[in-house]
Every structure is written in structure tokens, then in C-alpha cells.
Amino acid sequence: MEPTRTRTGWRQGASRWWTRLGALDPRYLTAFLITLVLVVGEFQYGILGGYARLATALAVTTATEAALSWLLRGRVVNLQSAYITGISLSLLLKPQSGLLWPFALGGFIAIASKYVLRYRDRHLWNPSNFAISVLLLLAPGSVAILSHQWGNDLATNLVIWAFGLAIALRVGVLHVTLTYVPCFVLLALVRHRLVGSPVLAEVAPLTGPMYQLFIFFMITDPRTTVSTTRGRMLVAALVALAEAGIRIAADYDLAWLRPLYPSPPILALAIVGPLALWWDLSRSRPVPARGGAIDSPEQAAPILEPGASRHA
Amino acid sequence: MSRWRWLGAALAFAAALGLTGWLGRHAPNRVTPRGAGTLGFRLQEVARASGIDFAHHEPTLDPKLDHLAPYIAALGASVSVADVNRDGWPDLYFTNSRFGYPNALYLNVGNGQFRDVAAEAGVADLNREGEGVSMGAVWGDFDNDGWEDLLVYKWGYPQLFRNLGGMRFQDVTQAAGLRHWINANTAVWFDYDRDGLLDLYLGAYFRSDVNFWDLKTTRIMHNSFEFATNGGKNRLYHNLGGGRFEDVTDRMGVGSTRWTLAAAAADFNDDGWPDLYLANDYGPEELFLNQQGKTFVLTRAGLSDDSKSGMAVALGDLLNRGRLDVFVTNISEPGYLFQGNNLRLNLLGEAGRFRNIAEGVVADAGWAWGAQFGDLDNDGWTDLVVVNGFISADRDHDYWYAMSKIAGAKGNIFEDARNWPRIGTASLSGYERSRLLINRASAGLKDVAEEAGLTDRYDGRAVALADLFNRGVLDLIVANQNGPALLYRNTVAAPHHWIAFHLVGTRSNRSAIGAEVTVEFAGGKQRRVVDGGSGFASQNDRRVHFGLGAATRVRRVVIRWPSGQEQAIANPPVDRLHLVVEPQR
């Protein structure tokens, strides 16, 4: 009897925890996850390369968000999404030693893009994605993107994957992740057949930390993707397809596409994401601006209120 | 009003984009032309004119590695300097790395010409099937008979040659107890227990059970790009005297299995005992502090924070503080990877750690390999030379993208060489320009390679410095992978003074390897160490050279001999080489 009661108690506890998790603003969950990644990565592997980078990125993103929202909306908005952008940039940007300007300019460009590059009152690019793409394309001599492992510690990776999947599910964007990953694997097999590279080499990127950040924080950003579940899945598949195109071009060394080769997924999303959102917005009726549209531009909150993920 | 505000934000946004582009175009790794003729010195490549026509050939490997051969076989070019025949002129030894291709020993004839005598000396034909191929060499008088002996380390069996004098060498490897297969890419002579006999540290790269010509498995690669510890085990051999060595690796605690590419020995913490500094590929640098010759302790010293691709260890006194600072080369490639070189100020005395101050041109030298400190313009401040470039092949095909597929992946994927994409004829950080960083004291280091005449685009591996023509200036010798050896003859036009020392140990090893010389002059006090192997696959002249700038007087010279004895010399005359024999006491 005792074990049964214990099991029941455990289930009830988990259920309560899950319900409470669901009641939380999704931005808190995302902020928690990316902070977890930051803390684990820094203490295990020293991924930041100096706290000045983190401080610069966070200071610039939050200050820019505060200033632009006050200037253009008349009030200072919730700074959580700026916090998430700042941490994303700190994790993903790997510039030359001693350079802080990529974090400062990247932070400003990321946040400002939300206020400047807009269509029908929606920003088109995921801010981190836009800033990283701009830095990679305009300043490749100074900036690279995270391309390293964070060790081979399976436990660390499992923790990030477990939290990532749970939170993606709770935030209602798991379908994006679960579309992109199989598409990537499928297209990796196609690339393997096409270019003759070892199959594991083609699948390998998916096992790295850059992809963990990409599939949990960037491609899942509902504010910069289309309005329906089916549409978002289609966009995820198209991003994977565009990425595969860039990768095949890289394998054949097409010189004119060389600037895209250092980070195919980031740049594929920067190309496909805004086009899809623009197309989606242009064929739907204008949506009146909402109070939360700017202050939660990067994360799930406004359109992932209960029911939002069931638009389809 | 709102529209105007949006316009303001848009303008700021556009300005940020413009500024990013401008900063991108003015990245510190780009060449900024400066006026020639202001340097005060000039390098001229004279290898062929001096009779040096050596060309390195990369190893051929087991066919199982054909798809990755250029990547794996990209090591082996080395140069080491020694006065082999004791005629007062530094000679040069270059290694080759393909079966049947000879190493070269260029005897400095003294009239600006060199002559290869390796074959008659018996140190040419070392690259043979079943024996392995040469990766580098270090000279040191291990038997204290007054003649510099030769240790050639290999992917294979190392070979120790006793210099018999008269340009004759005897292979004493077996008797010395050194005939153990090791895929070594660095070696250092140093006397860790101060018993007057040179001991030997061998740094292994690939595991020692890997035979590249009879592979049992392709699971031979590193299992992490940042934290790999599955490399070969380094070895410390204690010189017992009588031509015999004993493996004391485990007892002394220096058997690192990181992927060691370079090592250097010096007394970094000023306790009178030589320490070991390792540059490891796919992992952090390691500093083993010597505990009075009884054991070594791996210390953090601020080194474990960085995990990079260390490829050379150069020692120099950057700021004339009387300390030995450390420069370690790493990889930088636009868009893909900025590990950055490390220029570590030695603050062990006051802070218990090194502080990395590398940025700009110091941090980014491409795919950097060999490096050495030396005062090339004799202005009293030590300069820094860096050679670089990994694989220069087809200019239209690049391997960086292909490598990036696996670089961030789980280690058990790329640990197996079979899972690496085919490299074919692609380049990988090829055709890079070397760097010559002139030390402008408080103005920092400036890259003047192009103006100075260091202009080749070969895949540089090793660089050594020596006053080859006994003129009081340091010349450069560069060993290129799969390319010709180069000799850059230095001409210093500026009216600078210099002083140099040739040390002979008595209680210490005869080569005086590990002796530390500190010169006190108007420009401060500068320290140098007698080299038992440093940089990458290289060894500088045993004679230590100091530029003095305008100073016409040296107040004092302090020599700390490897035996622990300290010797001071007051007011030695400048502009000359001093022969100093260790006092017997």
C-alpha cells in the first residue's frame, strides 16, 4: 500500500508542478532555461570568455529596450526579452579576443531591429538572429559564432535537452522544434547521398550546443513566425531546407555564397523567417496593436496565451 | 512626433549597421601599411643564396586516412640551432617527414654559406619504414663532453645521437633506454633535478599505440575540440649519467595525456627550479611547477580558464621586468573561429597567476604555429615573430566549412577519423602571412612583417632565432611544412647596441640549458633563458642575445645557472659576445 501511495503522491506532485509551470508567464520559463544554460556552461566550461562580454550585452540590450520603448511607446516595457537577447548574444557571439563592440553594437542592433524593421506592427526578425546575422555578414574579420562543444558531458547535455523540451512543450512551441530536427536529419541524409560526406558528419552539428540554443531559443520564437501551428511547422521545414541549400553550396564551394557558410542555420532563419512572416501578415487582416506587442517582442507571451498554439 | 522619433531610432539603427561594417573592415588582423624605412631593420630572404636548398615533405600515411591525410600529416617541419662543430658559427638542423627523404644538417661555413653534411654525419637517413618519421629535433650536451648531442623526436622511435666530434654521430638510443614508440611533436632538454645532467621531456600528440603506417583503428583523433585528454602520454626521462635514461614520468607527475604540441622549460616562479609549460591542442595550457626536483605539481595559474588550440610556447621578457612571459599561438579564422593567441604576463610572484593581455594583432595571427621572442631591431625591447598557415592547397576550395560540421559535435563522432569529411585538395587557413610584432614599449606591439620583408606565404611551422653571421643581430630561420626552409638575414640600420653571452656550464650541464641571464641597462632589466627547445618544433641558438637600444653601458648582468649558482658581472662591455664559464666554486 505504501509504495502505491507514494507513487500517487509523486504523480500528484508532478501534476501540480506542471500546472504551476503552465501558469507562469512563458518568458520566465525561457529566461530560466537560458540562464540555466549560461550558468552551467560558464561554470563547467567557461563559455563566456569573460564577464565583460555578458555585462556589455545585457547592459546594452536592456538599456536600448528601455530607451526605445519609452521613446516610441511612452512607457518602459518589461525587460525580460532584452535580458534573453543579451544572454543569447553572450553565448553565441565569439569575437576576437578583447573586443567588446560586437556585444555592444550587436545588442543595440538586436533590440533596435524590433522597433525599426516592422510590418503591420510586428517585427520581422528574431532580434538575436538578426544581430548575429548582421555581425557575421558585415564583420566576419572580427566576429565568429559559437562553433565549439561544451565538453562531452552527456549529463549536462541531457539536462539542457530535458529542460528545453519540457519548456518548449509548456510554452507551446515544441512542434517547431520537433519539425525542424527531423527535417534536419532527413536533409542531412540527402546531403550525405549528394556530396558523399560521412553521414555522421552531416548529422553531427545537431549534437552541438549552438543547435541547442538555435532550436530552443531562436527558431521557436513565435513573435517572428507565422500565426498557425501548421504554418510554423512549414516554416521550420523551410528553414531546414534553406539551411540544407546553404550547406550544399558550401560543399560545392560556391564562392558567392561564402559569407553564409560559417553559420547556415542562423542565416537560413534570417532569410526564411521574415519572408514567411511578411507573407503571412500580408494575407491576413491587420491585427490591431496590442499592449504586449512591443514589450514581449521576442518571446511567446502575447500570442501564446492559452489557445494560441491551437490556431490551426 | 512619433514618426520623428521612429525616424531617429531608424537613423541610429542605420548608423549602428554602418559602424559595424566599418569596424569589420578595420579588423585588427588586416594589414595597415606604414611607412617603410622607419623600422631600423630589414629582413632579406637568402636561403638559396646561402646554400640552403632544403624542402620539407609531409608524411604519407595508412590508406585508411587518405580522406584526411593533408590534415593529419600537416606536421613535421622543424628547425633547431646548435654549434655542432664548436667553431663559433651556429649550424642548422632541419627535419623531413616522409620515408626516404633525408633530414639536413647545414654547417655554417662562416662566410655566409652553409653546407649540408647530414649524410656524412649520419643524421640524414632517419625517416624509414618501421622506424617512423621525424617531427623535430633538439640539441643538448647530455653527456657533458662539450659537444652538442642530437635528439630527433618522431612519430615513431625517437633517436638520440651522441656527437663524437669531428662531425661524427653515434646512435645511442637503445643503450640510453629511449627506444619506445611515441608520436611526439615536442621535446625539451632541461635539468629538472639540478644534478648537472640534461633530462629529457617528450610531448606526445597522437596516442603512442597508433602506428600511422599500420593502423588498427581509425578511432585515433581527439574526442573533444576543447577538453581532449585522449592524446599520447608525455614522457619525462631522467638522465642517470653514463648515457642511460630512466622513465620517471609517473613518479614526477608530468604524464599529461592532452594533445601536447609544444613545451618549454624555465623557472617561472623564481624558486630556482625549472618548471614545464605545455601548449596543448584541443585543451588548456598546463604549467607544471617543479617541487625542488622531487615532483611536479600541475597548477592553475589562470591557464585553465582558456581552452584553445595551443601550438607553440615562446618565452620572453615583454616589458623588461626581469620576468619570463609566455606567448602561446592559437587559431583565428574570420567568421569561423577566434581563439586568439595568448600573451601571458607572468604575475606568479604577486598574484600567483598569468594574465592574458593579447588583443588585436597579437591575438589574431591566423592559424598560428611557431613563435619566438627576440630583439630584432636591437632597441632594447624584445619583439615577437609568428609563422602561420595550416594547409595551402587549392585556393578555390576551403575546408573550414566542412570542419565546422563536426567541430561543435559530440566527441565520439569526430574521434573516429572515418567520420571526418574528405579534405581533398582544399586549403585550410592557407597562404597566410607571417607576423612580426615589433615591441614599441608602452605603445604596444605593432605588426611590421610586410615592411620588414617577412613576406612569404608558405605554411610556416617552426621559427628559430640566431645570430647566424656573428654580427650582433638576430636572423630568422623558418621551417615550412611541405615547403622550402627560409633564412631571413637581418640588417639593423639603427645605431643600436647589443650584448650576447655564450655560457658554458661546469657544475651545470655544459650546454648551460636553463641558465637565466638578466641584463640591467638603461632600458630596464631583461631576462632570457638558454633554450633547450621552445616555440613549435624549434630551438634557438644557445647563445643569448640582448638589444640595448641607445644604451652604451650595461650596469650588471646576473646569471642564474641551472645548478642554482648565481653569478653577477658588473659593467661588461657592450657590442660583443661574452664567453662565460660557470665558476667551479
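**View 1. Where chain A and chain B meet.** Chain B brings 53 residues to the contact and chain A brings 46; two residues are in contact if their C-beta atoms, placed from the backbone, lie within 7 Å. This is a predicted model, in which local features need pLDDT of at least 70, side-chain atom pairs count only at pLDDT 80 or more, and totals for chains, interfaces and linings use all residues. Residues are numbered from 1 along each chain as its sequence is written, while chains are lettered from A and ligands numbered from 1 in the order in which they are written.

**View 2. The side of chain B that touches chain A.** Among the elements that each supply at least two residues here are helix 1 (2–25), strand 26 (394–398) and helix 7 (400–407) of chain B. Helices (H or I, at least four residues) and strands (E, at least two) are DSSP runs, numbered from the N terminus. Helix 1 of chain B gives the most, with 14 residues.

**View 3. Chain A as a whole.** Look here for 13 helices and four strands. Of the 312 residues of chain A, 52% count as buried, meaning that 20 or more other C-beta atoms lie within 10 Å of a residue's own, with C-beta atoms placed from the backbone.

**View 4. Helix 3 of chain A.** The 23 residues of this helix (residues 51–73) should span 33 Å at 1.5 Å a residue, and its end C-alpha atoms are 32 Å apart, which agrees; the expected span is 1.5 Å times one less than the number of residues. Its buried residues include A:Arg53, A:Leu58, A:Glu65 and A:Leu68. Just after helix 3, A:Gly74 takes a positive phi of about 80°.

Conventions
Buried ≥ 20, exposed ≤ 12 C-beta atoms within 10 Å, placed from the backbone.
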